[in-house]
Amino acid sequence: MQKIFSVLFYGDTSDPAAYNILWKIRLPRIALAALLGGALSLSGFLIQTFFRNPIAGPFVLGISSGAKLFLTVAAVFLYGAAGSLPPLFTVLVSLIGALLSILLVLGIGVRVKNMSALLVIGIMVSYICSALTDILIQFANDADIASLTHWSHGSFSAATFADVRFSAFIIFPALILTFLFSKPMGAYLYGEGYAHSLGVNVRAFRVLLVLLTGVLSSVVVAFAGPISFVGVAVPHISRRLLKTQKPIWMIPATFLCGALFCVLCDLFARTLFAPTELSISTVTSVLGAPIVIRLMALGRRKNEI
Amino acid sequence: MKFDAQDTRLALDALTVGYGGVPLISDIALSLRAGEIVTLIGPNGAGKSTILKSITRHLAALAGTVYLDGEDMRLLGGREIAQKMAAVFTDSIRPEMTTCFEFVAAGRYPYTGSFGALTPEDKKIVGAALDKVRASELAAREISSISDGQRQRILLARALCQTPRVIVLDEPTSFLDVRHKIELLEILSDMAKKDGIAVLMSLHEIDLAARISDRIVCVRGGEITAVGSPDQIFTDEMIRDLYGIERGSFGALLGNIELPAPCGAPRCFVVGGGGYGIPFYRALQKRGVPFAAGILLWGDVDLVVAKPLSQEVVCTPPFQAARAQDTAKAKALIDAASLVLNCGAPVGEYNRCNAELLQYAAGAGKTVVTDLDGLDAAIAREGTV
């Protein structure tokens, strides 16, 4: 403990191994988990606002899987390994994948006009994307398989401070932008028609919501792979804690909760069966899926879904 | 609050509305003054909601202009419009973890700053709006936990928070029980009279529309068929035409709905009057027995039900002895019938004729019954009725 402190706060380099572990492995990993966890939860909150449904989430609706598929395509055909692509490029590729899968889900969803059908479509899209990703991985070079497989299950283990800086560069502006739009978001929660009658430009606002969701979730996929259920579970937990829906409270709270949630999940993933590391999605699924089931059960009772 | 009743709050000029570029109703002209309540009536799918949604800009108007407080709405920004016009469209959204107060406070949106924080003044207005719809005690309740009737009042309070000059409501009384319908309309009419808010709405219940509205607009099959005061609009024929009622009837005077009359030659003659006959007319209709009724004085409340349900009603001018030809006609009907129903209406100076008819029936050997049990027994006995 004392050693950690001295390395952390006094820049003690007497033990280079400890210094490296802390500054090059542990800290960037924690910082990245916090940042991406916050971003993922916030994107979940945004997509839930968009659909006015507490079960929507970037993973459930196939957004993460779409991003993952595109990234895998890029990795297999362009470079050979996911990690070696320039970060801006990976983010852009996964953003395209994320937006395309949102549009696909929306395009079909418009026709069915039914929330549970929309979720089923999202889950199907997610399965299709995952299957295609698996096929691609099958055909990738042997050397890349390990890293791709590892990444496609979600992990913070390869974090560097460069990743942290880059993702912060995208996530914080997105967070601030989201916060600036908390007022129309509050009106939108009471219905599109109502928001419109209050003078909200609903069409532009919906586009903004989708874009922000896409940006936030694709950054996560680019740096840590798809992480399941955080986007659904964390906004739900935040709502329970705050006992309000108001975006002006929910946006910062969801971000902080998500950061904490992912740091903890990553800690479990790393230490639970040490030295074997679990993938982050394994942990988030175990913790997050029951919350989704609970929400489904609640929704059924109230006939909302 | 003072207002000038001559103020035009909302004016539609050659407005054409429709979906997807296809005109449904063209060239609508209508104007609402301060404090005026105007109601759209007409059958389902006639285009009432389309008109309302085009005014509130939920739908794009295909042509024409809407003037809000004298200004062309196309030149107003969303915020300016929201400060002058509030819309109440019933939707099923019930946000969780939101108190009624928070929900109603959303109506302050066009006035609050960029983060939507409420000033003490805003909170006062929210409180006053809740007061006005008599829902102050609901303020701290969850919006998802209140009843439909309460919810409708909360929606109205939210609209009031916009301190609008015009309120547009789409079927605000649907799904409410009678008590809540009356309450809601009373609040609306209060609002219009005291605060001078112009109210434009659609209603399904034409009887209620007649009571609350200053003016009625009839919408049918893609056109506005009539505009006028409730007295001008609510005649039996007008309603029959508007809704295309072919079987059964709607009595415009009292708003009573009657099912179609049983067909065939009258087999029963009902001696009623003064409201005594009404339950019997309806009982005969339910049993499918065609009947005639008489002798009723003009203006007798019995007529409101007897007219639409019977094959024939014998009427005579009121407050005098029945005319001889009417008595003769009634006797002829008794001759043709096998059954006479005495409803027990009091007989006095003006309707001695009815005592005479009952005597005549007994003398002619007709079965005379005085209650529903007797009626059922007689029907069973005859078997043929």
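Where is R52(A) found? R52(A) is located in the loop between helix 2 and helix 3 (63-79) of chain A. The model is predicted: local features need pLDDT of at least 70, side-chain atom pairs count only at pLDDT 80 or more, and totals for chains, interfaces and linings use all residues. Residues are numbered from 1 along each chain as its sequence is written, chains are lettered from A and ligands numbered from 1 in the order in which they are written, and side-chain values use heavy atoms, with hydrogens and water left out. Helices (H or I, at least four residues) and strands (E, at least two) are DSSP runs, numbered from the N terminus.

**Backbone geometry**

- Most residues other than glycine have a negative phi, and most peptide bonds are trans.
- R52(A), a residue other than glycine, has a positive phi near 50°.
- R52(A) counts as partly exposed because its relative accessibility is 26%; buried means under 20% relative accessible area, exposed over 50%, and partly exposed in between (1.4 Å probe, protein chains only).
- D27(B) likewise has a positive phi, near 55°, and lies in strand 2 of chain B.
- With a relative accessible area of 58%, D27(B) is exposed.
- G294(B) and I295(B) are joined by a cis peptide bond with omega about -20°, and I295(B) belongs to strand 14 (residues 291-297) of chain B.

**Helix packing in chain A**

- Helix 2 (residues 16-51) and helix 7 (residues 161-180) of chain A have axes that come within 10 Å and cross at roughly 25°; axes are lines fitted to C-alpha atoms, for helices over the stretch in contact, and angles run from 0 to 180 degrees between N-to-C directions.
- Helix 2 and helix 7 of chain A are therefore roughly parallel (angles under 35 degrees count as roughly parallel, over 145 as roughly antiparallel, 65 to 115 as roughly perpendicular and the rest as oblique).
- Their crossing is left-handed, meaning that the near helix is turned anticlockwise from the far one by less than a right angle; clockwise would be right-handed.
- Residues of helix 2 of chain A in this contact (heavy atoms within 4.5 Å) include W23(A), L27(A) and P28(A), while those of helix 7 of chain A include F161(A), D163(A) and V164(A).
- By class, this contact has 16 nonpolar, two polar and one charged residues; Ala, Val, Leu, Ile, Met, Phe, Trp, Tyr, Cys and Pro count as nonpolar, Asp, Glu, Lys and Arg as charged, and the others, Gly among them, as polar.

**Sheet and hairpin in chain B**

- Four strands of chain B form an open sheet in the order 2-1-4-5, with antiparallel pairing; two strands pair if DSSP finds at least two bridges between them.
- Its edge strands are strand 2 (22-33) and strand 5 (71-72) of chain B, each pairing on one side only.
- Strand 1 (residues 8-19) of chain B is joined to strand 2 of chain B by eight bridges, and L10(B) has L32(B) as its bridge partner.
- Helix 1 (residues 48-55) of chain B lies across strand 1, strand 2 and strand 4 (63-68) of chain B, at about 120° to strand 1.
- Strand 9 (residues 215-220) and strand 10 (residues 223-228) of chain B run antiparallel, joined by five bridges, with C218(B) opposite A226(B).
- These strands form a hairpin with two residues between them, and G221(B) in the turn has a positive phi of about 50°.
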